[in-house]
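Q: I am new to this structure. Please take me through a few of its features, with the general idea before each case.

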Amino acid sequence: MPQPRTLPAQIVADTIIRTVELGVRITDAALDGDTTVLWCDLLVDGPGACPGCGMVGVYRDSVERRVSDVPVVGHPLQLRVRLPRYRCVHDGCAREIFAHDSSRLARPGASTTRRCAAFVLYRLAVDKATVTAVARELGRSWDTVNTIAVAATEQLLLTAGPARLDGVRVIGVDEHKWAHVFGAEGDGFVTVITDLTAVVAGQGPARLLDVVPGRSAAAMTGWLGAREQSFREQVEIVAMDGFGGYKNAATAVLPDAVTVMDPFHVVALAGHKLDLCRQRVQQATLGHRGRAGDPLYRIRRTLRTRLALLSDKQTARLEAVFAGEEHIAVEVTWWAYQQIITAYATDDRRRGKALLAAVIDRLRTGLPAGLAELATLGRTLHRRRDDVLAYFDHRASNGPTEAINGRLEALRRNALGFRNLINYRIRSLLHCGALAL
Ligand SMILES: [Zn+2]
C-alpha cells in the first residue's frame with residue numbers, strides 16, 4: 001500500500017493558492033479576524049532594473065506590498081508580499097531607490113491582484129452578484145470593487161468592442177430615466193440601444209448594445225456616427241418610441257433602414273391620452289381633481305384594462321359611467337384606445353394592420369370637437385403612420401427593450417451609489433449580458 005507522500009507545507013500552500021499565477025511564494029500564514037493573511041516573497045531572478053535608467057540596482061532592503069486577492073473558502077484573502085528594494089548607483093540617474101517590479105502580481109498602485117478583476121467581473125456579470133456582496137467577499141470597499149469593475153470592463157470593451165456588433169440587423173432605441181436627481185448628466189435620461197435581431201428572427205432575447213447620455217437626436221446620431229460604416233450599412237430596421245428625435249436621427253444616419261414605431265409605445269401613448277381626457281372631463285364636470293367616490297376616478301384603472309379581460313362587473317361599471325352624456329369624450333377616447341390594442345392583438349397580421357390603419361384614418365379626419373386628446377393622438381399617429389404600420393411587416397418591437405429597461409431600473413435602485421454615467425453605462429452592459437466573458 002503506497003504511503004501518502006509528505007509534502008513541504010510551502011508546496012501545499014502555493015498549490016492551493018496557485019501562487020504561480022501571481023509570481024510569489026508563500027512563506028507564512030495567519031488568520032486576522034475574518035481575513036486570511038499570507039506572507040509571500042516575490043519570485044525574482046536576479047536584482048531588479050532601475051525604472052529610471054534601466055541599470056541593475058544594488059540590494060538595499062525590502063518593503064511590504066499589501067494586496068487583496070480572490071477570497072479563499074469564503075474569506076477575504078490578503079497578501080503581504082516582500083519586495084526587494086535597490087539603490088541605483090548609476091551616475092546621472094535621478095532615481096535613488098526603487099522596489100522590484102511587481103506588476104505581474106498587481107497593476108502599479110493597485111490594491112488588488114490582477115486576477116481579482118476577472119473574479120469581480122465574473123461575480124457581477126455571470127453570477128449577477130451586487131457590488132456590495134463582492135465587496136464583502138473581497139474585504140474591500142464598494143468604491144474599490146466598482147472601480148475594479150469599471151476598469152476591467154473598459155478593457156473588455158476595448159478588446160471585444162466591434163465584434164459585439166457583428167450581425168446586428170435590427171436595433172431598438174429607447175429612452176430610460178436613470179437618475180432621479182436634479183442636475184444629473186443628460187438631464188437624467190439615457191438612450192438605450194439594443195440588438196433585436198434575434199428577437200425578430202424568433203431566435204433569442206434582446207441584447208443590450210450601449211447606453212449613452214441624453215435622449216436627444218444628437219445622442220443617437222452620435223452613437224451611430226461613432227460606429228463603423230459597415231455597421232450602419234447592415235442595420236435594416238430601427239424600432240423606437242414616438243419621440244421625433246430618434247426618428248430624425250435614424251432617417252439622417254441610416255437612410256435605407258426601415259423605422260418602426262413599436263406597439264408598446266403606441267399603446268402607451270394612447271393610454272396617456274385617455275388619462276388626460278378623463279382628467280379634463282373630471283375637472284369640467286366636478287370642478288376638482290379626481291377623488292374617491294367620483295365616477296371617473298373610480299373607473300380610472302378599468303378604463304385601461306383590455307376589453308377581453310374585463311369582468312362583467314367592470315363592464316357594468318363602465319357602462320354606467322358612459323351612460324352619462326357628460327362623459328362622452330372619455331368613452332370615445334377609450335374606444336379608440338381599445339381598438340388600437342385589438343389591432344395589435346389580432347393574430348392575422350394583415351387584418352391587424354388594416355384595422356390599425358382604419359383607426360388612424362378615422363382619428364385623422366372628421367373628429368367632432370371636444371376630443372382634443374384624441375385629435376393630438378391622431379396627428380401623431382398619422383405623422384408616423386408608416387412607422388406604426390411597419391410593425392406588422394417586420395415585428396420589430398421595443399418590447400424587449402422595455403424588459404431590459406426594467407432590469408436597468410432594478411439595477412439603479414440597488415446601486416444608489418453610482419457616481420457618474422460612465423460607471424452606470426459599464427455596469428449596465430455587464431448586468432444585461434452584453435459582454436461575454
Ligand atoms: Zn537609475
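A: Strands (E, at least two residues) and helices (H or I, at least four residues) are DSSP runs, numbered from the N terminus. This is a predicted model, in which local features need pLDDT of at least 70, side-chain atom pairs count only at pLDDT 80 or more, and totals for chains, interfaces and linings use all residues. Residues are numbered from 1 along each chain as its sequence is written.

Q: Which strands does that pair belong to, and do they run parallel or antiparallel?

A: Two strands pair if DSSP finds at least two bridges between them. Here, strand β9 (residues 237-240) and strand β10 (residues 258-261) run parallel and are joined by four bridges. With helix α8 (residues 244-253), β9 and β10 make a right-handed β-α-β unit. Right-handed means that, with the strands pointing away from the viewer, the path from the first strand over the helix to the second runs clockwise.

Q: Which strands pair in the antiparallel sense over 12 bridges?

A: Strand β3 (residues 58-72) and strand β4 (residues 75-87) do. Asp 69 has Leu 77 in β4 as its bridge partner. Two residues lie between the strands of this hairpin, and Val 73 takes a positive phi near 40°.

Q: How many bridges join β1 to β2?

A: Strand β1 (residues 24-32) and strand β2 (residues 35-42) run antiparallel, with eight bridges. The bridge partner of Ile 26 is Cys 40 in β2. This hairpin also has two residues between its strands, and in it Gly 33 takes a positive phi near 60°.

Q: How are two packed helices described?

A: By the angle between their axes and the distance between the axes. The axes of helix α9 (residues 263-286) and helix α13 (residues 328-345) come within 9 Å and cross at roughly 170°. The axes are lines fitted to C-alpha atoms over the stretch in contact, and angles run from 0 to 180 degrees between N-to-C directions. α9 and α13 are therefore roughly antiparallel, a term for angles over 145 degrees.

Q: What is the mean pLDDT of the chain?

A: pLDDT is the predictor's confidence in each residue, from 0 to 100. The chain has a mean of 85, and 85% of its residues reach 70 or more.

Note on methods. Parallel < 35°, antiparallel > 145°, perpendicular 65-115°, else oblique.
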